[in-house]
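Work through the exercises below with the model open. Each task is followed by a stepwise solution.

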Amino acid sequence: MKKINLKRCLILIACCISNTLFAQTTITLQPDAVNGIDAKINSHPSYVNINYETHEASEFGAATDGGTPYLVRDLLQFDLSSIPSGQNIISAYLTMYCRVGASNLTGSGGHYNYTDNSGYIDKITSPWSESTVTWNMQPTITTTGRIALPVTGNDTASLNVDITSFIQQWVTNPSSNYGMMFRVANETPYRNRKYYSSDATNPAVRPKLVVTYGPCSTPSASITALGPLTFCAGDDVLLTEAITPGAAYQWKKGATIISGATASSYSATTSGTFKCIVTNGCGLSATSNSITSTKVVLAVPTISAAGPTTFCVGGNVTLNASNPGAGYTFQWYRNNISKTGATALSYVATNSGSYRILIYNTSTGCSRMSGTIQVTATNCRSIDDSQVISVAQSGNESVLAFPNPTNGSFQFELLDSPNASGDAEVILLNTLGQQIFKSIEQVENGQLDNQIDLQNNLQKGVYILHVTFNNKLYQGKIVLD
């Protein structure tokens, strides 16, 4: 007697049970003229009562005949009785092949206006007969759950479309299977789609439906997060469920259903605990694991001024931001431009502008911008000839440097270009023509962005100031006292 390998037997038994429980069956339905159920209908006044049961073209679109616009729609139904009741439809794909040949809509061509011939497939909701249906006797439809068809993209493209949801409904409730109606989305001339019907003489090009189904069982449901579960305000984390073919999804936050969250993934933008209910085509449901997200919301920083925010040019005001606590860095902005080196809670503003501060939490990576505070530096000085520097190239523009004489710090203002902005090159020469100072300064709205501070070791006396801005050279004397 041969010995029985018990372990091998158990493995074979388990495999057999697994194949039985999770077996899938794929069938192909491609009926001929005798068994196929399809027909087109035509709205032209001459054809509204004509039946096209045996026409080889299955087409839908919009055209004109003798100046009269008309529509063509197509009806198609498959006999699904070969699929056992109570089955879960895993997938169902309909294939239709382009027909190039004579038709009502395109003469001898294929699809027409193929960059603007998108369409719809709608479920038919009332009985109809292939041998008697006409435009005036067409069945009713529902647009609920309709399937959108993209443009064909060329004039000979075949159609391959997922109609799993339709087939599942008809297998679950066979009495509701009245087939489907095809139409173009924009039913105005001229556009169409043209395919072979079940009356095609070539069996290979008739409408084909490939259905994969299996026994009903409770689906599995498991969600994962594609990113950090702690995120900043304005960000999110994508939660996704392992896709179950033919299933419907409903996301929940806590015990509350999230309206419209019916895809296999969900972007969580708030703090909370999320899960997904997965329902297969048989109506059996499973609830996934829960995932908790945390949105970090930083308090909006506030800014206060330690003195008047309107002052004379050459003055300043200290701006203080609210202290958010430990673990933060800071960046000040003037007119939405970051200020180099301005990274403390306080900032001394010397120029006009809108100031704000950005706080950044180093542990979470989140940031928050404050509101703005307006600072105005006004010219509190009288203008005399010694303060005006003429432009070298022409005499109708000038720049004002002040104070002049100066103790080493001064600003300048473009008198005839109050709206000009950009970089200015500032050079100071001694009376021997030697360059003793050079810097690039920002001009905004005709005023220097920063006060110029000369080196403390400069001797008192007369210096030549060159300011190059917008390809113009402004020059004049500056007295250092």
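**Exercise 1: An open sheet**

Threonine 224 stands opposite threonine 240 in β14. The model is a predicted one.

Task: Find how many bridges join β12 to β14, and state the order of the strands in the open sheet.

Solution. 
1. Start with the pair. Three bridges join β12 to β14 (residues 237-241), and the two run antiparallel.
2. Extend to the sheet. Its three strands follow the order β12-β14-β17, with antiparallel pairing.
3. Check the edges. β12 (223-225) and β17 (265-268) each have a single partner strand, so one side of each lacks a neighbour in the sheet.
4. From one strand to the next, it averages 25°.

**Exercise 2: Helix α2 and its cover**

Task: Identify which residues of α2 are buried, and what covers them.

Solution. 
1. Take α2 as residues 164-172. Buried here means under 20% relative accessible area. Thr164, Phe166, Ile167, Gln168, Trp170 and Val171 are buried.
2. Look for the cover. It includes β5 (87-96), β6 (119-124), β7 (141-149), β8 (159-162), β9 (180-184) and β11 (208-215).
3. Zoom in on isoleucine 167. Leaving out residues up to four places away in sequence, it touches Leu80, Ile89, Ala92, Leu209 and Val211.

**Exercise 3: Nonpolar cores**

Task: Determine which residues have the most contacts inside the largest nonpolar core.

Solution. 
1. The largest nonpolar core has 28 residues. Leu94, Ile163, Ile167, Met180, Phe182 and Leu209 have the most contacts inside it.
2. Trace the suppliers. β1 (25-29), β5, β7, β8, α2, β9 and β11 each give at least two residues to this core.
3. Another core, of 24 residues, lies apart from it; Cys232, Phe330, Ala342 and Leu400 are among its members.

Methods:
Residues numbered from 1 in each chain as written. Predicted model: local features only at pLDDT ≥ 70, side-chain atom pairs only at ≥ 80, totals over all residues. Heavy atoms only, no water. Buried < 20%, exposed > 50% of the residue type's maximum accessible area, 1.4 Å probe, protein only. Helix = DSSP H or I, 4+ residues; strand = E, 2+ residues; numbered from the N terminus. Contact = heavy atoms within 4.5 Å. Pairing = 2+ DSSP bridges. Axes fitted to C-alpha atoms, helices over the stretch in contact; angles between N-to-C directions. Core = buried A, V, L, I, M, F, W, Y, C linked by side-chain atoms within 4.5 Å.
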